[in-house]
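Here's a quick tour for anyone meeting this structure for the first time. Take a look at it, then read on.

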Amino acid sequence: MSGDQQSVVSQRWFTHAVWAITALCVLWLILAIWPDWLVGLLGRKKVFVNALLNGITLGALYFLVASGFTLIFGLMRNVNLAHGSLYLAGAYIGFEVSRVTGSWVLAFPIAFIAMAILGIILQVFVFRHLDGQDLQQTLITIGISIVLADLMLWRWGGEFYQIYAPDWLSGPVETFIQSSLSRRTGEPIFIKYPSVRLFILICAIFIGLGMWYVLNKSKLGMLIRAGVDDREMLAASGVRIQLIFVGVFAFGAGLAGIAGVVGGTFQSIAPGEDTRFLLSSLVVVIVGGMGSIPGAALGAVLIGCAEQFGSVYAPTYSVVLTFVIMVAVLAFRPQGLLGRD
Amino acid sequence: MAEPTPTRDVGTEFALELAGLSKSFGALVALNNISLKVRPGERRAVLGSNGAGKTTLFNCITGDFPPSSGSVKFFGEDITFFKPHERIRRGLRRTYQISLLFNGLTVLDNIYLACRGVSNGRFSLIRVNSSDPVSIAADDLIEIANLQDVRSSLVSDLSYGQQRQLEIALALAGAPRLILFDEPAAGLSPKERSDLIQILTRMPQHIGYIIIEHDMDVALSVSNRVTMMHNGSIFKEGRPSQIENDPEVQALYLGSGHE
Amino acid sequence: MTYAISTKRPAQEPPRTLAHWFDPTRIPAHIWVIAIILLLVPTFTSEFTQYQIFGWAFILGMISLSLMILAGYGGMVSLVQMTAAAAAGYAIAIFGTSAVTEISFAWPWPIAVIIAILASVLVCVISGALAIRTEGIYTIMITLAIGSAFFYFTRQNYTVFNGFTGFNGVQTPVLFGVNWKEPTPFYYLTLSVAGLSYWFTVHLARTPFGLALQGVRDNPRRMAAMGFSVNAHRLAAYAIAGVLSGIAGILLVWSTGQISPNTGSVGPIIDILVITVIGGINRPIGPFVGALLYVLLRTYSLDFLNAIGLDGERFKLVIGLTFLVIVYFSPNGICGIWDKHIKRLWQPIKLEEHNG
């Protein structure tokens with residue numbers, strides 16, 4: 001091998017080694033009973049594991065919102081700043097559905113469909129109509145988000161709403177993670193965690209894997225990825241590319257709606273959440289990489305954990321931590337951690 | 001057609017020196033270990049079929065992207081990782097195949113910007129008047145390039161040939177030491193082609209140039225040394241008469257230059 | 001990547017030549033009329049109008065003007081201008097005199113002013129440095145994220161920014177025996193500062209830097225090939241925008257005497273964009289037109305909406321719909337409508353004058 005190639009290979013090994021060591025450390029932190037010096041340093045293990053699980057489940061929520069945003073941008077280069085409004089509208093609709101029907105599960109498909117329809121309307125009347133004028137499209141989405149926010153404020157007011165998880169998901173579940181050994185019996189005490197959050201996490205992982213599979217292994221995914229690379233060629237080859245665009249947009253919007261129902265269960269629904277989740281989506285995709293679903297997952301987990309760990313261990317500056325991560329990525333790898341060069 | 005007189009050696013320093021220059025785009029190797037030396041004032045033609053790597057070569061020299069390996073030296077200075085504008089300010093110039101002119105501005109505006117780009121006061125917040133040296137230089141350049149008649153016309157109103165003329169004029173702004181001409185004869189009528197040949201052969205001796213061309217007649221009549229590229233590598237190098245009569249070259253490119 | 005917001009000149013304008021640039025500014029008649037009216041405003045309006053309507057319109061207009069320089073001249077839509085203004089406001093509160101005596105340094109106001117402008121420039125340049133390394137469309141996202149980070153940070157930090165409550169009782173200087181916080185002096189202060197910034201922005205378009213900046217907007221690759229450093233010009237534009245935002249931020253905190261995280265929250269950040277786009281993102285007068293309209297709507301929409309039988313609180317809905325309609329049909333805002341439709345009404349008369 002030439003000298004340059006050799007240095008690239010050794011650099012690769014180095015980064016892989018760093019990742020592996022970090023993963024092993026984190027695994028040990030989670031699975032082992034903490035020795036006393038570690039408890040003195042970091043506090044109780046239960047707090048740490050709770051923060052970690054909260055971070056990961058919050059990351060799942062961020063992933064659901066951000067992946068729709070990054071999918072739409074990755075394929076169609078549309079920056080849809082009304083994405084946060086889609087989230088909040090999905091939350092309100094999910095709330096109404098669960099209130100009227102009493103079913104939590106039903107809220108998801110209805111919110112998905114409602115937001116998908118809204119997404120189709122957006123795509124056809126805004127983005128397709130103004131194709132090629134990126135800035136104008138973005139400005140219109142800003143206007144739409146202002147209008148939608150006020151309409152929602154009108155209809156539901158400024159109170160906080162909460163979607164309640166069904167009985168079979170309420171309450172904690174015992175995990176396999178040990179926090180310490182019981183002083184009485186010597187048996188390990190396992191950490192309990194709300195089952196609804198774990199359930200959402202598992203669903204988000206499935207959705208993420210499903211999206212990755214469709215994008216990378218299916219014919220539809222191949223068309224979408226080809227469309228990202230060369231829209232004109234794809235259109236010329238006779239594929240109904242507009243239909244694909246509408247479909248992707250509808251799916252991304254629907255995802256935001258589902259995320260709204262999740263957020264309404266985890267946290268609460270109120271005016272301002274649209275802005276908050278739009279901003280989180282922005283930061284997640286800036287960090288993870290625009291147009292990359294794995295990037296959205298990585299960015300979401302990073303940001304979710306940063307927020308949770310920050311609020312537990314350094315409450316005054318948890319926002320700064322998120323900001324520092326974003327600035328560091330912009331400074332050293334502007335295309336995002338997993339973004340394309 | 002007589003060849004332009006070969007340049008005298010103006011010293012050991014080369015205007016442009018490429019050493020082991022390579023560029024890959026993923027699995028595609030566009031440039032493969034290119035080594036090239038151009039003397040000051042030399043007129044070099046780089047020929048080759050489509051995909052031979054000629055434009056990629058120019059892009060590496062002007063700094064549009066860095067090479068995968070190798071180095072670029074300009075009058076002894078290593079400019080391999082310099083930004084494009086830094087290379088321009090050292091005397092490198094280039095014309096473009098696809099028109100990169102400011103369509104909404106006049107000919108004079110374009111020339112003025114080119115002159116301003118290589119002089120001082122690019123960040124000046126003071127408006128200039130007509131006695132400003134840069135505007136005087138712009139006027140001079142319009143005379144040299146023979147564009148007085150269309151001085152106040154918008155670029156979008158010019159004919160294709162006039163636009164190419166403007167393109168060349170922009171490359172002459174300031175004090176160029178080496179100009180890269182990227183297919184300047186493309187799409188020109190026979191008369192425009194002979195005008196082009198005149199402009200190139202009448203260029204001051206201290207300005208060297210490298211010309212990429214498909215049209216063999218133009219290329220061989222305006223250069224005193226020819227480099228032939230094929231599949232990203234240099235295939236042959238020599239005097240125009242040698243290249244023209246070389247059997248291997250003829251085998252590869254028979255008929256391609258005589259459209 | 002070029003933005004669709006117009007970089008082409010309308011056909012009826014004469015070709016731009018250097019002669020056009022070099023001629024002394026022929027101030028059009030309508031500018032003189034507007035200037036005289038503005039100077040005489042305090043004679044026929046109430047103090048409320050001077051202070052709350054015009055004063056605010058000038059301040060918001062200046063912040064929007066800094067966005068117009070970046071977006072209209074430079075092709076970079078940056079949402080960090082309001083944040084920069086807020087940073088300047090905080091600098092005045094922290095280094096000047098305020099009611100929060102544990103934090104405020106109570107330094108003389110000229111020093112606080114200098115620090116405030118530097119703070120604004122710093123915010124703009126750092127944001128710009130992060131934003132120019134990516135494609136144009138990311139600039140909105142990155143600057144919005146930076147702005148919101150500043151908002152959250154000022155809200156959570158109590159040692160420097162006094163957290164949620166912010167600063168109040170910020171003192172406006174008394175100079176030459178005049179308390180500049182009084183309505184009429186404040187009106188003239190903001191009028192003159194806004195007027196100077198307007199003149200500067202018009203002048204900037206024809207300077208070598210301004211021309212280069214517009215060239216960078218239209219064709220960055222060509223500009224680099226001509227020897228211009230694209231990044232340096234963009235950063236310098238951010239710095240200039242920072243100066244304007246900083247001055248506006250100082251006036252802002254002087255006018256209300258207070259500053260809090262909400263000054264730089266997402267609402268005001270988006271408002272600046274809305275103002276600039278509605279007014280016209282390509283012309284220096286646009287931001288001021290948009291700001292005046294915005295302030296009028298904000299002040300009187302309650303009465304207006306009640307008068308036509310709607311809930312008075314739906315002000316944001318009105319603004320949002322106005323914004324949508326304008327962006328959809330006239331990307332150049334009100335100035336664009338003026339240029340396209342209203343100005344043309346005068347053309348036939350002009351021709352007759354020439355022939356007569």
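## A helix tucked inside

Let's start with helix α8 of chain C, residues 208–218: 10 of its 11 residues are buried, so the helix is largely enclosed by the rest of the structure. Keep in mind that this is a predicted model. The buried residues of α8(C) are C:Pro208, C:Phe209, C:Gly210, C:Leu211, C:Ala212, C:Leu213, C:Gln214, C:Gly215, C:Val216 and C:Arg217.

What covers the buried residues of α8(C)? The cover includes α3 of chain B, along with α3, α7 (183–204), α9 (220–225) and α10 of chain C.

## Two helices side by side

Two of those covering helices also pair up with each other. The axes of α3(C), residues 47–73, and α10(C), residues 230–256, come within 9 Å and cross at roughly 170°. An angle over 145 degrees counts as roughly antiparallel, and α3(C) and α10(C) are therefore roughly antiparallel to each other.

On the α3(C) side, the residues that meet α10(C) are C:Gly55, C:Ile59, C:Met62, C:Ile63, C:Leu65, C:Ser66, C:Ile69, C:Leu70 and C:Tyr73. Their partners in α10(C) include C:Ala237, C:Tyr238, C:Leu244 and C:Ser255. As for the make-up of this contact, 16 residues are nonpolar, four are polar and none is charged.

## Where chain B meets chain C

Now for the boundary between two chains: 32 residues of chain B are in contact with 28 residues of chain C. On the chain B side, α2 (84–88) and α3 (107–117) each supply at least two of the touching residues. The largest share, seven residues, comes from α3(B). Sorted by type, the chain B side has 15 nonpolar, 11 polar and six charged residues.

## The nonpolar core

How many residues does the largest nonpolar core have? It has 269, and those with the most contacts inside it are A:Ile286, B:Ile111 and C:Ala145.

Let's zoom in on one of these. Leaving out residues up to four places away in sequence, B:Ile111 touches B:Ala138, B:Leu141, B:Ile142, B:Ala169, B:Leu170 and B:Ala173.

## A residue on the outside

Is C:Lys340 buried or exposed? It has 12 C-beta neighbours inside 10 Å, so C:Lys340 counts as exposed. This lysine sits in helix α14 of chain C, residues 333–342.

One last pair to find: C:Lys340 and C:Ser192 are 148 residues apart in sequence, and from C-alpha to C-alpha they are 30 Å apart in space.

Key. Residues are numbered from 1 along each chain as its sequence is written. Chains are lettered from A and ligands numbered from 1 in the order in which they are written. This is a predicted model: local features need pLDDT of at least 70, side-chain atom pairs count only at pLDDT 80 or more; totals for chains, interfaces and linings use all residues. Two residues are in contact if their C-beta atoms, placed from the backbone, lie within 7 Å. Helices (H or I, at least four residues) and strands (E, at least two) are DSSP runs, numbered from the N terminus. Ala, Val, Leu, Ile, Met, Phe, Trp, Tyr, Cys and Pro count as nonpolar, Asp, Glu, Lys and Arg as charged, and the others, Gly among them, as polar. Axes are lines fitted to C-alpha atoms, for helices over the stretch in contact, and angles run from 0 to 180 degrees between N-to-C directions. Angles under 35 degrees count as roughly parallel, over 145 as roughly antiparallel, 65 to 115 as roughly perpendicular and the rest as oblique. A residue is buried if 20 or more other C-beta atoms lie within 10 Å of its own, exposed if 12 or fewer, and partly exposed in between; C-beta atoms are placed from the backbone. A nonpolar core is a set of buried Ala, Val, Leu, Ile, Met, Phe, Trp, Tyr and Cys residues joined through C-beta atoms within 7 Å.
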